[in-house]
Amino acid sequence: MRQMKTAVRYYSRGGNTRKLAEAIGKAVGAEAKTTDAPVTEYVDILFLGSAVYATGVDDHIKTFIDGLDPQKIGKVVNFSTAALLPSTYSQVQKLLAEKKIELSEKEFHCRGQFAFLHRGKPDAEDIQNCVEFAKGMVK
Ligand SMILES: Cc1cc2nc3c(=O)[nH]c(=O)nc-3n(C[C@H](O)[C@H](O)[C@H](O)COP(=O)(O)O)c2cc1C
C-alpha cells in the first residue's frame with residue numbers, strides 16, 4: 001500500500017495546542033504548521049488543531065477551513081485543548097460540513113493550561129497519548 005500522505009495545521013494562542021501539533025507532526029512525519037500555511041497538495045489526513053476561546057474556535061480556524069480545497073483533503077482529524085469544554089469537535093464539524101469535507105469520528109482532546117487551571121497541561125502523559133493516537137490514525 002502506498003504511504004499515507006498527511007499534513008498538520010494548528011492555531012494556538014498560548015502554545016498548548018502547538019505542543020500537540022508538534023508531537024503529531026513528529027509521530028506522522030509531517031511538519032506542524034500554523035493555519036497561515038494553506039494545504040497545497042492532496043493529503044489523506046489533515047490533522048487540524050484548535051482551542052476554545054470564549055466558548056468558540058478562533059477566526060483563524062474559520063478562515064483556514066473556508067480556504068480549504070475539498071479536492072485536496074481525504075479527511076480531517078480534529079485535535080484540541082481547552083480548559084473546560086470537552087473538545088472543539090462540534091464546532092469544527094459544522095465548519096467542515098459547509099465545505100463537504102469529511103471529519104473523522106476519532107479525535108484527540110486534552111486539557112490546556114489556562115491561568116491557574118490545569119497547570120502544566122498538556123503534560124508528558126498527554127503528549128504520549130496524543131502520539132499514540134496519531135500513530136493509530138495513520139496505520
Ligand atoms: C481568551 C481565552 C478564552 C478562553 N475561553 C475558554 C472557554 O470558553 N472554555 C474553555 O474550555 N477554555 C477556554 N480557554 C482556555 C483555552 O481553551 C486553553 O487554555 C487552551 O489550551 C488554549 O490553547 P492554546 O495555548 O493553544 O492557545 C480560554 C483561553 C483564553 C486565553
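## Ligand shell

Both α1 and β4 (73-82) contribute at least two residues to the shell around the ligand. Helices (H or I, at least four residues) and strands (E, at least two) are DSSP runs, numbered from the N terminus. The largest contribution to the shell is that of α1, with 3 residues.

The ligand is surrounded by 20 residues, the closest being S12, G14, T17, A51 and G112. By type, the shell residues are 9 nonpolar, 9 polar and 2 charged. Ala, Val, Leu, Ile, Met, Phe, Trp, Tyr, Cys and Pro count as nonpolar, Asp, Glu, Lys and Arg as charged, and the others, Gly among them, as polar.

## Model and numbering

This is a predicted model, in which local features need pLDDT of at least 70 and side-chain atom pairs count only at pLDDT 80 or more, while totals for chains, interfaces and linings use all residues. Residues are numbered from 1 along each chain as its sequence is written.

## Sheet

Five strands form an open sheet in the order β2-β1-β3-β4-β5, with parallel pairing; two strands pair if DSSP finds at least two bridges between them. The edge strands are β2 and β5, and each has a single partner strand, so one side of each is left without a neighbour in the sheet. From one strand to the next the twist averages 25°, where axes are lines fitted to C-alpha atoms and angles run from 0 to 180 degrees between N-to-C directions.

Strand β1 (residues 6-10) runs parallel to β3 and is joined to it by 5 bridges. V8 has F47 in β3 as its bridge partner.

Leaving aside neighbours within four places in sequence, C130 is in contact with L20, A23, I24, F79 and F108. Contact requires C-beta atoms, placed from the backbone, within 7 Å of each other.

## Loop residues

A30 sits in the loop between α1 (16-28) and β2 (32-34). A30 counts as buried because 21 other C-beta atoms lie within 10 Å. Not counting residues up to four places away in sequence, A30 touches T6, A7, V8 and G25.

T55, in the loop between β3 (43-51) and α2 (59-66), has a positive phi near 70° although T55 is a residue other than glycine. T55 is exposed, because 9 other C-beta atoms lie within 10 Å. K100 lies in the loop between α3 (89-98) and β5, and its phi is also positive, at about 55°. K100 has 7 C-beta neighbours inside 10 Å and therefore counts as exposed.

P122 is in the loop between β5 (103-111) and α4 (124-138). The peptide bond joining K121 and P122 is cis, with omega about -5°.

How values were computed. A residue is buried if 20 or more other C-beta atoms lie within 10 Å of its own, exposed if 12 or fewer, and partly exposed in between; C-beta atoms are placed from the backbone. Two residues are in contact if their C-beta atoms, placed from the backbone, lie within 7 Å. A residue is near a molecule or strand if its C-beta atom, placed from the backbone, lies within 6 Å of it.
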